[in-house]
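Thanks for coming. I have a few local features to walk through, so please keep the sequence and the model open.

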Amino acid sequence: MKTNFKFSNLCGTVYHKGNVIFTPDGNSVISPVGNRVTVFDLVGNRSETLPFETKKDIARLALSPNGLLLIAVDEDGRATLVNVPRRFVLHQFNFKTKVRDLQFSPNGRYLAVTHDKHIHVWLTPGFTMEVNPFILHRKFPGHYDDVLCISWSADSRFFVTGSKDMTARVYAVNPVDGFPGAVLSGHRDAVLGAWFSKDADIIYTVGRDGALFEWSAKEEMAVAKEPSEEGQADAKKRKIEEKKTSAVKTPIKRWRTASRNYFNQNHAKVVSASFFAKTGLLVVGFTSGVFGLWELPDFTNIHTLSISQKKINTAAINCSGEWLAFGSSTLGQLLVWEWQSESYILKQQGHHHEMSCLAYSQDGQFVATGGDDSKVKLWNGQTGYCFITFTEHTAGIKAIEFAKQGQIVFSASLDGTVRAFDLIRYRNFRTFTTPTPVQFSCLAVDPSGEVVCAGSADTFEIFVWSVQTGKLLDIFAGHEGPISSLAFSPTDGRLASASWDKTVRLWDVFSRDTNTESFEHQAEVLCISFRPDGRMLSSSTLDGQICFWDVTEGTQTGLIEGRKDVGGGRKSTDRITAANNSAGKHFTSLCFTADGQSVLAGGNSKYVCLYDISSRLLLNRYEISQNLSMDGMQEKLNSKNMTEFGPKDLMDDAGENSDLEDRIDTSLPGVQKGDASLRKTRPAAYTKGVRFSPTGRAWAAASTEGLMIYTLDETLTFDPFDLEIDITPDAILEALAEKSYLRALIMSFRLGERQITRAVYEGIPADSITLVAREIPVKYLDRMLKFLVTYMDASPSVQFNLMWAVSILKHHGQYLKDHKLEFASTLRGLQKQMTQTYDALAKMSTENTYTIEYITNIRKHQQKEEETREVAMEEVSMDMLI
C-alpha cells in the first residue's frame with residue numbers, strides 16, 4: 001500500500017483572522033486560515049490551500065501588484081515570502097515585532113511595513129532564492145503610538161499612515177524638495193484607515209469612532225521663522241543668497257480639513273475599512289456586523305447591510321470595484337458580495353465551534369461533517385466548498401454516517417434525535433426519537449440502509465429504528481457504561497458496540513436471538529472499526545492501545561501499543577514533561593484502509609498514525625499542524641514564559657480585548673457583564689475523527705483547524721520527454737516520417753506549436769488511432785482533448801475526429817471520471833463540439849432528404865407530364881388518321 005500521502009486541502013475553515021486580499025485580476029480572493037493560506041477561485045468555483053505553513057497564525061497578507069509574490073506575516077512578525085505561481089517558499093524573514101499592516105507600492109518597487117511607532121520601507125524582494133532578499137530602504141519615525149495602516153499614492157512617491165495616537169501622517173519615500181511631511185490631526189480615536197484619492201489631491205481618514213475626515217492640499221508659500229538676535233546676521237546673509245539664486249519662493253503643500261462626516265451606526269465602532277480610489281468607493285465594517293458602502297467625496301450612502309451579528313474584521317475591494325470581500329473571525333465566515341446586483345458571489349462559513357465527526361460518501365466525492373454548533377455540513381472534496389448546511393439539530397452532533405445505498409446522510413446529536421437528510425432535495429425527511437429523552441453519542445447504519453442504530457451516553461442502551469417507517473424496532477440493553485462507538489459489519493447484519501465498561505459486544509440485529517458475544521479489554525473502549533471484509537474488528541482503548549479481534553473465532557489476534565506514537569506536545573499549563581504526558585494520550589478514532597492491510601488512527605494529539613496490521617509497525621506519522629498558536633504543539637516549554645500569575649501566552653498584554661463584546665464571558669447562563677481579568681484561551685491540537693476515502697486515494701481528518709484532506713503524492717510523475725533537449729519541428733516531422741506516431745504527438749505537445757501539432761495529428765493513419773490513443777500518458781490528456789476541441793471546430797474530417805474522441809474516452813474513461821472536476825471544462829467543450837457537429841449533420845441530412853424528395857418528385861412529375869404528352873400525341877395522331 002502507498003503511504004506517501006501529503007496535505008491537499010483545508011475545507012472546514014475559510015477565514016480565521018487577519019486580512020483578505022484580491023488577486024490583481026480580481027477573480028480570486030486570498031484568505032488566511034490559521035497558519036495557512038487558502039486561495040478561492042471565484043470564477044473556477046474551487047479553493048486551494050497553499051502547501052506551506054507559518055509558525056503561528058497569520059496576521060497580515062500582502063500581494064505584489066503583478067500577483068507573483070505573496071508575503072504572509074504571523075503574529076510574532078515572522079514573514080514568509082512565497083512565489084505564488086510555483087507555490088514555493090523563497091525566503092523567511094523576521095521583522096522582530098508585531099506587524100499591523102504591510103503594503104506593496106503600486107509600481108512594485110517598495111514594501112512598507114509597520115514597526116511599532118515607525119514605518120520601515122524595504123526594497124521588494126526578487127523572485128529567486130537569495131541569502132538576504134530583504135534590503136531596508138529607509139526608516140520613518142514620527143508617530144507616538146503603534147501604526148495601524150499604510151496606503152500608497154498612485155505614483156508610489158508618497159504614503160499615508162494612521163496610528164493609535166489619533167493622527168495620520170504623510171511621508172515621501174525619497175526626499176522631495178519643499179515637502180517636509182504632514183501631520184493630520186483632529187480625530188478623537190485611533191485612525192484605522194487613510195487613503196489618497198485618485199489624483200492624490202485629497203486624503204481620506206477613518207477613525208475608530210466612526211468619523212470620516214476629508215483633507216485637501218493647498219499650496220502655500222514657505223514662511224521663514226523669526227530669527228533670534230544672535231542669528232540676525234546669518235539670516236540677512238541667507239536672504240541675500242536667496243535673492244541671488246531665485247526671486248520666487250518654493251510653494252509647500254499644506255493639508256487642511258475640508259469636511260468631516262460621521263457614519264452614525266448606533267455607537268458601533270469601526271473595525272475594518274477599504275477604499276477604491278478609481279471610483280471613490282469606501283466600504284466600512286462595524287462591530288455590529290453591519291457594513292456600509294459610501295461614494296466619496298459626496299459621502300453618498302449606497303448600501304448599508306447587516307451580514308452577521310458579529311463584527312466584520314476585514315474588508316477588501318477587487319480591481320474592478322464590483323466585488324467586496326468580508327471576513328468575520330468570530331463566525332469563521334467569508335463573503336464575497338457584488339454590490340451592483342446585490343448578490344453573493346461566495347458565501348462560505350466553517351463550523352462555529354469544534355468539528356466533532358466526519359464521514360465520506362460512497363463515491364468519495366463528498367465529505368459530511370458535524371460540529372458542536374449543531375450543524376451538519378457537506379463539503380465537495382474536489383472544490384473544497386460547502387454546498388449545503390442543515391440546521392435542524394439543537395445540540396452538538398456526535399456522529400454522522402452516509403447510507404451505503406442512496407443519497408442519504410444520518411446524524412446523531414445530544415438533543416436526543418437521529419435525523420436523516422435527503423441529499424437530492426436537501427431536506428430532513430425523517431427524525432428518529434426515543435420514548436424517553438436521551439443523549440446520543442454514536443451512530444451506525446447497516447449496509448442495506450434499512451436500519452439505523454444509535455447508542456446512548458446516559459441510559460447505556462442501543463436504539464434500533466426502521467428507516468422507511470421511522471418506528472423504533474428494538475432496544476438493546478446490557479452495557480454498564482456510556483456507549484462510545486457503534487459499527488455494522490460490512491458483510492452481515494451483526495452490530496458491534498463499544499462502551500466505557502471495558503467491553504465490546506456483538507449483536508445480531510436481524511434475529512430474535514438475544515445472546516451477545518463480549519470482548520473484554522483492560523481499559524475503557526473509545527472507538528471500533530470493521531475491516532472491509534468483515535472478518536476483523538479493531539478497537540481503541542483509553543490506555544493508548546489498539547486491539548485486533550477475529551470476529552469469527554472471537555479471539556484477539558494482535559495488539560499495538562500506540563501511546564508513545566500518539567503522544568507528543570506539552571500544553572502551556574502542564575506541570576509535567578511531554579514524555580511523561582503521553583500517559584494520557586489515546587486514539588479516539590479508527591479507520592481501516594480500503595485494502596484492509598493498514599489502520600489509520602487519530603487521537604487527542606497533533607499526530608495521526610498509520611499502522612501495518614500484519615507487522616504491527618508504524619508506517620507513517622502525519623503531523624496535522626505546526627501552528628504554535630495552538631496549545632500542545634511544543635515538546636519543551638521555556639521557563640521564562642512562566643510567571644507567578646500563569647503562562648505569559650495566556651495573558652492579554654496588548655490590550656486587544658478592550659471592547660466589552662470581546663470580554664463578555666458567555667460560558668455561564670445569565671452572564672451579561674464582561675470579565676476584565678479574562679485571559680486568552682488557546683485551542684489544543686487534536687483529531688476527533690479520521691476516515692479513509694472509499695477509493696483509497698485520500699483520507700480526511702476532523703481536527704482543530706478544520707477538515708484536513710490528504711491525498712496521494714502524484715506530483716513526481718516521470719516523463720521521458722521532459723528530458724528531451726532537441727525538441728524541434730524538424731525532429732518532430734522526422735519522428736512522424738519514421739511512423740513513431742506517439743512520440744511525434746507528445747513532442748508536438750511539448751513544443752506547443754499548433755501548426756506542428758495539427759500536422760502530426762493529420763499525419764496519423766486512421767488504423768493507428770486506437771493504439772496511439774491508448775498509450776497517451778495521462779499527463780497529456782488535457783492538452784490532447786483541448787486540441788481536439790479546437791480542431792473539431794474548423795475541420796471537415798468528422799469521422800476522423802470522432803474516432804479520436806471515442807478512442808480517448810474508451811481507454812481513459814476511468815481516469816477522466818476520477819478527475820472529472822479537472823477535465824470538466826474540456827469535456828464540456830468536447831460535448832459542445834460533438835453536439836454542434838451532430839446538429840450540423842442532422843440539419844444537412846434533413847435538407848438533403850428534402851432535396852432528394854424534391855428532385856424525386858420533380859422527376860416523377862416530369863415523367864407524368866411526358867406520359868400525358870405522349871397520350872395526347874397518340875390521341876391527336878388517331879384523330880388525324882380518322
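Which residue in β15 is the bridge partner of S151? The partner is V160.

Before going on, a word on the source: this is a predicted model, where local features need pLDDT of at least 70 and side-chain atom pairs count only at pLDDT 80 or more, while totals for chains, interfaces and linings use all residues. Residues are numbered from 1 along each chain as its sequence is written, and side-chain values use heavy atoms, with hydrogens and water left out.

Back to the sheet. Strand β15 covers residues 158-163 and is joined to β14 by five bridges, the two running antiparallel. Strands here are DSSP runs of E with at least two residues, and helices are runs of H or I with at least four, numbered from the N terminus. Two strands pair if DSSP finds at least two bridges between them. The open sheet has four strands, in the order β14-β15-β16-β17, with antiparallel pairing. At its edges stand β14 (147-152) and β17 (182-185), each with a single partner strand, so one side of each has no neighbour in the sheet. On average, neighbouring strands of this sheet are turned by 20° against each other, direction ignored.

The loop between β15 and β16 (167-172) holds M166. Phi of M166 is near 70°, a positive value in a residue other than glycine. M166 is partly exposed, with a relative accessible area of 33%; buried means under 20%, exposed over 50%, and partly exposed in between, using a 1.4 Å probe and protein chains only. Y426, in the loop between β36 (418-422) and β37 (427-432), also has a positive phi, of about 55°. Its relative accessibility is 39%, so Y426 counts as partly exposed.

As background, most residues other than glycine have a negative phi, and most peptide bonds are trans. The bond from L296 to P297 is cis, with omega near 10°. P297 is in the loop between β24 (290-295) and β25 (300-306).

Next, a helix pair. How do the axes of α7 and α9 cross? Helix α7 (residues 754-763) and helix α9 (residues 781-794) have axes that come within 12 Å and cross at roughly 85°. That makes α7 roughly perpendicular to α9, a label for angles of 65 to 115 degrees; under 35 is roughly parallel, over 145 roughly antiparallel and the rest oblique. Axes are lines fitted to C-alpha atoms, for helices over the stretch in contact, and angles run from 0 to 180 degrees between N-to-C directions.

From α7 the contact uses R754, T757, R758, Y761 and E762, and from α9 it uses M784, F787, L788, T790 and Y791. Contact means heavy atoms within 4.5 Å. Among the buried residues of α9 are M784, F787, L788 and Y791.

Last, Y611, which is found in strand β52 (residues 607-612). Is Y611 buried or exposed? Y611 is buried, with a relative accessible area of 1%. Leaving aside neighbours within four places in sequence, Y611 is in contact with residues including I546, I560, F587, V599 and L617. The C-alpha atoms of Y611 and A601 are separated by 8.1 Å, and the two residues are ten apart along the chain.
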